[in-house]
Amino acid sequence: MSLPEDARDRLRELRKLGYALQSDLEMIVGELIRLRSEVERIKKALKKHGIEVD
């Protein structure tokens, strides 16, 4: 099954997005680290109450 023609065009456009600034990447990576930490804390809290999460 193939993609509709407009979907292919939209995917091509996404690949043409401009560059990212180093400061933007640092902000995104920092946020991902904080989110991962939050997920780990939530997993620990759930495990404490007997709920296993993958």
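This report describes the salt bridges and a nonpolar surface patch of a predicted model.

Residues are numbered from 1 along each chain as its sequence is written, and side-chain values use heavy atoms, with hydrogens and water left out. Local features need pLDDT of at least 70 and side-chain atom pairs count only at pLDDT 80 or more, whereas totals for chains, interfaces and linings use all residues.

**Salt bridges**

Side chains of opposite charge can pair when their charged atoms come close. A salt bridge is taken here as a side-chain nitrogen of Lys or Arg within 4 Å of a carboxyl oxygen of Asp or Glu. The count by this rule is 3 salt bridges.

| Pair | N to O distance | Separation in helix 2 |
|---|---|---|
| Arg-34 and Glu-31 | 3.1 Å | 3 residues |
| Arg-41 and Glu-38 | 2.7 Å | 3 residues |
| Glu-40 and Lys-43 | 3.9 Å | 3 residues |

Helix 2 spans residues 22–48; helices are DSSP runs (H or I, at least four residues) numbered from the N terminus. For Arg-34 and Glu-31, the spacing is about one turn of the helix.

Glu-31 is partly exposed at 37% relative accessible area, a class that lies between buried (under 20%) and exposed (over 50%), with a 1.4 Å probe and protein chains only. Glu-38 is partly exposed at 36%, and Lys-43 is partly exposed at 28%.

**Nonpolar patch**

Leu-25, Met-27, Ile-28, Leu-32 and Leu-35 make a nonpolar surface patch of about 490 Å². Patch residues have over 30% relative accessible area and no salt bridge; like charges are joined within 9 Å and nonpolar side chains (Val, Leu, Ile, Met, Phe, Trp, Tyr) within 5 Å. Leu-35 lies in helix 2 and is partly exposed, at 46% relative accessible area.

Note on methods: Accessible areas come from the Shrake-Rupley method with a 1.4 Å probe; for residues, only the protein chains shown count as cover. Helices (H or I, at least four residues) and strands (E, at least two) are DSSP runs, numbered from the N terminus.
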